[in-house]
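Open the model in your viewer and keep the sequence beside it. We will go from stop to stop, selecting as we go.

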Amino acid sequence: MEDWDTYRLILALHRGKTLRHAATLLGVNHTTVARRLAQLNRSHGAIIVDSTALGYSLTNAGQSLLNTALQMEALIKEDKSILRAEQIDHCGHITVSIPPAIAQVLLLEELHSFALRNPMVKLSVQCSYQLADIDNSEADVVVRVANEPSEHLVGHRAGTVYVNYYGHEQYLQQPSEHFSWLVSSHDPSHTQWIESSPYPQAPAGIAFDDLMVRHSAANQGLGLLRGACYIANTLPHLRLVCEQQPQPFSQIWVLTHPKLIDVPRIKCLMSELYQLLSDRKALLQGQG
């Protein structure tokens, strides 16, 4: 087969297991995937992908093509990284991926200042909690909140996010039997930290998938919060539930791909982001 799209179909079916998931990975509808799968099996003269009770699986012939597809994918990513490094060096375009809360509370004005001081750099900021894929050239620099970042990326730990227990000043004046905790819909472990909180008997209340919205809800008196100190301490109505020391939650890293680390503009931006976050140590620890 000489068509890269066919190999992409094999990769999508292998990873997605179903037509709908494969369609999502390819950015098409599931009927298109079904039609292309039927064409694949006909054109190859053998069953490449077979339907089972657990979803779609590759036959022996399909496994052979999958190995080729994985090698092609790796080569394409390698070419993209090399090309991206050359483009950045000549064009001055940098894409940085930052979690929305960190961008909004800690780095917003500073990113604007960096752009003003470096007019030859075209800075694009992606604000998302989804991890941008540097290997696939989705970003050039990433700020990640993680205790174990990807080992093949290079960079520095720039700080630590601390958390503590907060509530609206008026919310805390009501009887504790009316308390409930605002939790993350992405964190099934909230039962553990609630058990060790100042109010372990308070149930989990509304679950929010957005970090900033969850803090805003607590600031409006909708429940108790285990919140990031650097966010909670900027909200006017939040007060500490008790005199408990903040606890470390996760580290903050400034990272890039090894092929990009020596690009001057990348080094400049990474150094500045590292210094800015390091300077906010007190705020991250709930001291400012």
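The tour visits a pair of helices, then the nonpolar cores.

This is a predicted model: local features need pLDDT of at least 70, side-chain atom pairs count only at pLDDT 80 or more, and totals for chains, interfaces and linings use all residues. Residues are numbered from 1 along each chain as its sequence is written, and side-chain values use heavy atoms, leaving out hydrogens and water.

**Stop one: two helices**

Select helix α1 (residues 4-16) and helix α3 (residues 30-44). Helices here are DSSP runs of H or I, at least four residues, and strands are runs of E, at least two, numbered from the N terminus. The two axes, lines fitted to C-alpha atoms over the stretch in contact, come within 11 Å. They cross at roughly 110°, on a scale from 0 to 180 degrees between N-to-C directions.

Now show side chains. In α1, pick D5, T6, L9, I10 and L13; they meet V33, R36, L37 and L40 in α3. Contact means heavy atoms within 4.5 Å.

**Stop two: the largest core**

A nonpolar core is a set of buried Ala, Val, Leu, Ile, Met, Phe, Trp, Tyr and Cys residues joined through side-chain atoms within 4.5 Å. Buried means under 20% relative accessible area (1.4 Å probe, protein chains only).

Select L107, V141, Y230, L273 and L277. They have the most contacts inside the largest nonpolar core, which has 30 residues. Next, colour α5 (100-117). This helix gives the most to the core, with 7 residues.

Which residues does L107 touch? They are I98, I102, L273, L276 and L277, not counting residues up to four places away in sequence.

**Stop three: another core**

Notes: Buried < 20%, exposed > 50% of the residue type's maximum accessible area, 1.4 Å probe, protein only.
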